[in-house]
Amino acid sequence: MSNQENKKITPILHHIGLTTGRFEEMVSWYNNVLGMEPVHYSENPAGDIGMEVKALWVTNDEANHRIAMIGIPGLTSDMNRSKHSRIQHIAFEYDTLDDLLDTYLRLKNLGITPYVTADQGVSIAFYYDDPDGNTVELTMDTFGDWSKSKEFMKKSPTFAKKPMGKYIDVEKILVAREQGLSANEIHERAYAGEYEPDTLMDPKKML
C-alpha cells in the first residue's frame, strides 16, 4: 500500500440537515438569526416515498447550502431529549465580539434571547433554542486565531478545570463596551468573573 493510500484525507464540515414539523417557523428563525437564504425548494425531494416531505436548502455564504431543512408534518419536539443520544448543539462563529454583541441586540429586538451565555476562555458563546428546541450557539474566538485558541484548550489548567468558563450577563458586557473597554479587556474581565449574572444560569438546559 502506498503512502498516499495510507494518508488520512480529512474533509471540512459542509452542512447539517434538520427534520421539523414546524417548517415555516424554522425557516423563518434561521433566516432571522443566521441570515440563511433559500437556494432551492422541493415538494418531493426523494420522489414518491409514500409520505409527505418538503425540503428547503439554505445558505448564508458562498456554499450551495449550509442547512437542509426537511419538513415532515406531525413531527413534535423531543420532550425527553436529555435522555436520548443526539447532536447536542450546532455553533456559528463571528469574527469579532462587536459582531456577536450587535447580533444579540438585533435578536433581542425580535424577542429572541439566549438562555446560557459564557466566556469560555477560548470563546464567548451565547446559546439559543430554535423553534424545535435545538441548541444553536453563536460564538466568537477570543484569540482571533484558531491555532492560539487550540493551544489554550490543550494546555490551560484554567480551561481544564472548567471548560464552560464563567457565565456572563450580556447586558453588563454591553455597558462595558459603552464605557470604551476593548474586546480583549472585556474578555479578560469576563473570564475573571467580573460580569457574572445576578441570577444563576442552569447549564442542564443544554443537556
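1. A salt bridge is taken here as a side-chain nitrogen of Lys or Arg within 4 Å of a carboxyl oxygen of Asp or Glu. By that criterion, aspartate 132 and arginine 22 form a salt bridge, with their closest N and O atoms 2.5 Å apart. The model under review is a predicted one.

2. This pair links distant parts of the chain, the two residues being 110 residues apart. Aspartate 132 lies in the loop between strands S7 (123-129) and S8 (135-141), and arginine 22 in the loop between strand S1 (16-20) and helix H2 (23-34). Aspartate 132 counts as buried because its relative accessibility is 14%, whereas arginine 22, at 30%, counts as partly exposed.

3. The structure holds eleven salt bridges. One of them joins the side chains of aspartate 129 and lysine 205, at 2.6 Å from N to O. This pair also links distant parts of the chain: aspartate 129 belongs to strand S7 and lysine 205 to the segment after H7, 76 residues apart. Aspartate 129 is partly exposed at 25% relative accessible area, and lysine 205 is partly exposed at 37%.

4. Within helix H4 (residues 146-155), glutamate 151 and lysine 155 are four residues apart and therefore separated by about one helical turn. Their side chains meet in a salt bridge of 2.6 Å, N to O. Glutamate 151 is partly exposed at 34% relative accessibility; lysine 155, at 61%, is exposed.

5. A network of salt bridges links Asp98, Asp102 and Arg177.

6. Helix H7 (residues 183-191) has Ile186, His187, Ala190 and Tyr191 buried. Viewed down the axis of H7, these buried residues fall within an arc of 120 degrees and so line one face of the helix. Just after H7, glycine 193 adopts a positive phi of about 95 degrees.

Notes: Residues are numbered from 1 along each chain as its sequence is written. This is a predicted model: local features need pLDDT of at least 70, side-chain atom pairs count only at pLDDT 80 or more; totals for chains, interfaces and linings use all residues. Side-chain values use heavy atoms; hydrogens and water are left out. Buried means under 20% relative accessible area, exposed over 50%, partly exposed in between (1.4 Å probe, protein chains only). The arc is that of the directions from the helix axis to the C-beta atoms.
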